[in-house]
Amino acid sequence: MSKDFTNKDSGRDSINEMEQIQKGLEAFLQQELKEMQDEKDTGGTSRQPQLFTIGEEENQEKEIDIIGSSDRGRRQDNRRNTEDYFEDWDSGEPVRERKTQTYSRDTRQRAAGQGKKGSKTSGGKNAKASGGNAKAAGKSSRKKEAQTETKGKASQPAERKQKKRKKKRSGLKKFLITVAVLLVFLAGGLYLAVGAVYAQMNYEPVESVSAQPMKEEGVVNILLIGNDSRENGEDGRSDAMILLSISNKTKKIYMTSLLRDMYVEIPGHDNNRLNAAYSFGGAELLMETVEQNFDITVNRYVLVNFEAFANLVDAVGGVDLELTSEEIEYVNGYLVEYNMLLGRPEGTDYMDTSQSGLVHLNGPQALAYCRNRYLGTDFGRTERQRKVLSAVIEKLPSALLTNPGELIGGLMPNLTTNLTQGECFRLSLMAYKLLSYDIIQNSIPLEGTYSNATIRQMAVLEVDFEANKAYLRENIYGESAQ
């Protein structure tokens, strides 16, 4: 009994379900017709309703399988829409509004044409498709492996290059460290050598300028003073005054002779000749006088006596210079005094007066040549001094290698300076660079910037100081003329 009852109930349920589906389709048709009529009334393009029965829907699904992935996606959406309709009608709820999936006439025709042979070829095509997919997957896998292998191979040279760079950097660091250590040892050795040489010099500090730096505005100014003293000390007159300027700005060395007869202001004293400043207050007052009159910083000096100058020339092996026969006569004349002062036999180092042109001069002969002020007045004398000094500077580097003992022993004990040992060491470090600098020679006052005068029964030079200041600033300091 229960079984019959159950079968009857299930039959009624099936009838009710079919009625609900039919009602849903009728409602859907009415909705489609209404939308078509609305489109027509509003000027839209008329369209034919496209309805499918459940059987047609299933056939359509089979046909869509052949079309491709994009049509398959639309088929799945259509199935979900149909199932939603059935569920809504079964529950008795109103049908939700949704867009019905439609297919164009071309799509149906293409599906129908392929559908006839779909049953025959679908299995083969599916197999081919799956095989194609497998091949594609294999190709993709091999491609990825090839790309990975390529990246690996590409990264290997990069890694090797990086290792090489690291090795190069490591090698460069080691090289630089080695060079630095060698430089330290060389600098240490040079400092000891400078110290040994410096110990033979006479250090006389000047308290008023000891706190001032040796180099100012990129220029080192050292006043070279040659006095006529026969022994060390500041007695006697300043027979020669040469401003030695080492300019990092212009990359040049300037030797500027300061004529001793210039009429200048001497701090704390009446106006007088420049060389009188040395007589009044030694090197300190002379440096102060040069600063005040020429507006240039000078706070280091080196004092050289007669003997030191002659020894310096001998230490470098003498100098070769162009001399006239008249100049040779005056050399012999000054040698008379020099031989008497040093107790040497008369006629020592005399030169042949018949000679002229390029001649070789030893120390005493070069000193006598520099002291001559009778040919060309004081301008000619200072020019001769610079010629000898330039020739000595050119031969000095080789003399330091071939004859260091005589150079140091004969010169250093006869020098007096306020340069410290540290400053001498700094100058020695600059030596290699100074060899490439040009040497410029001149004298102050410049030609055309002075006049001869007699003041207080003294023959002096009245100087245009502004013109000479401008020359010094422009040449030594590289400043443009205003």
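Contact here means heavy atoms within 4.5 Å. By that rule, Asp-261 touches Arg-273, Arg-373, Asp-378, Ala-459, Val-460 and Leu-461, not counting residues up to four places away in sequence. The model is predicted. The chain has 482 residues, of which 36% are buried, and it contains 14 helices and 14 strands. Of the contacts in the chain with a separation of 6 or more, 67% are between residues 24 or more positions apart.

- Asp-261 sits in the loop that runs between strand S5 (252-258) and strand S6 (263-264).
- With a relative accessibility of 15%, Asp-261 counts as buried, because the cut-off for buried is under 20% relative accessible area.
- Among the residues that Asp-261 touches are Arg-273 and Arg-373, together with Asp-378.
- Thr-289 is part of helix H6, and at 1% relative accessibility this residue is also classed as buried.
- Once neighbours within four places in sequence are left aside, Thr-289 is in contact with Val-264, Glu-265, Ile-266, Pro-267, Leu-274 and Ala-277.

**Packing of helices H7 and H10**

- Two packed helices are described by the angle between their axes and the distance between the axes.
- For helix H7 (residues 306-315) and helix H10 (residues 377-402), the angle is about 50° and the axes are 9 Å apart.
- H7 and H10 are therefore oblique to each other, and H7 passes H10 in a left-handed crossing.
- On the H7 side, the residues that meet H10 are Phe-309, Leu-312, Val-313 and Ala-315.
- On the H10 side, they are Val-388, Val-392, Leu-396 and Ala-399.
- Sorted by class, this contact of H7 with H10 has 8 nonpolar residues, with no polar and no charged ones.

**Helix H9, an enclosed element**

- In H9, 9 of the 9 residues are buried, so the helix is largely enclosed by the rest of the structure.
- The buried residues of H9 are Gly-363, Pro-364, Gln-365, Ala-366, Leu-367, Ala-368, Tyr-369, Cys-370 and Arg-371.
- The helices against which these buried residues pack are H7, H8 and H10.
- The strands against which they pack are S4 (238-247), S9 (319-323) and S10 (357-361).

**Aromatic pairs**

- The structure holds 4 aromatic pairs.
- One of them is Tyr-198 with Tyr-203: the ring centres are 6.3 Å apart and the planes are at 50°, so the pair is tilted.
- Within this pair, Tyr-198 is buried at 12% relative accessibility, whereas Tyr-203 is partly exposed with a relative accessible area of 38%.
- Another is Tyr-330 with Tyr-374: the ring centres are 6.0 Å apart and the planes are at 15°, so the pair is stacked.
- Tyr-330 lies in helix H8 (residues 325-342) and Tyr-374 in the loop between helix H9 (363-371) and H10, so the pair ties together parts that are 44 residues apart in sequence.
- Tyr-330 is partly exposed, with a relative accessible area of 29%, while Tyr-374 counts as exposed at 60% relative accessibility.

**Backbone features in loops**

- Most residues other than glycine have a negative phi, and most peptide bonds are trans.
- Asp-295 has a phi near 55°, which is a positive value in a residue other than glycine.
- Asp-295 is placed in the loop between helix H6 (274-294) and strand S8 (300-304).
- At 51% relative accessibility, Asp-295 counts as exposed, because the cut-off for exposed is over 50%.
- Arg-456 also is not a glycine and has a positive phi of about 50°.
- The loop that holds Arg-456 is between S13 and strand S14 (458-463), and Arg-456 is partly exposed with a relative accessible area of 48%.
- Ile-444 and Pro-445 are joined by a cis peptide bond, with omega about 10°.
- Pro-445 belongs to the loop between strand S12 (438-444) and strand S13 (450-455).

How values were computed: Residues are numbered from 1 along each chain as its sequence is written. This is a predicted model: local features need pLDDT of at least 70, side-chain atom pairs count only at pLDDT 80 or more; totals for chains, interfaces and linings use all residues. Side-chain values use heavy atoms; hydrogens and water are left out. Axes are lines fitted to C-alpha atoms, for helices over the stretch in contact, and angles run from 0 to 180 degrees between N-to-C directions. Helices (H or I, at least four residues) and strands (E, at least two) are DSSP runs, numbered from the N terminus. Angles under 35 degrees count as roughly parallel, over 145 as roughly antiparallel, 65 to 115 as roughly perpendicular and the rest as oblique. A crossing is left-handed if the near helix is turned anticlockwise from the far one by less than a right angle, and right-handed if clockwise. Ala, Val, Leu, Ile, Met, Phe, Trp, Tyr, Cys and Pro count as nonpolar, Asp, Glu, Lys and Arg as charged, and the others, Gly among them, as polar. Rings of Phe, Tyr and Trp (its six-membered ring) pair if their centres lie within 6.5 Å; planes under 30 degrees apart count as stacked, over 60 as edge-to-face and the rest as tilted. Buried means under 20% relative accessible area, exposed over 50%, partly exposed in between (1.4 Å probe, protein chains only).
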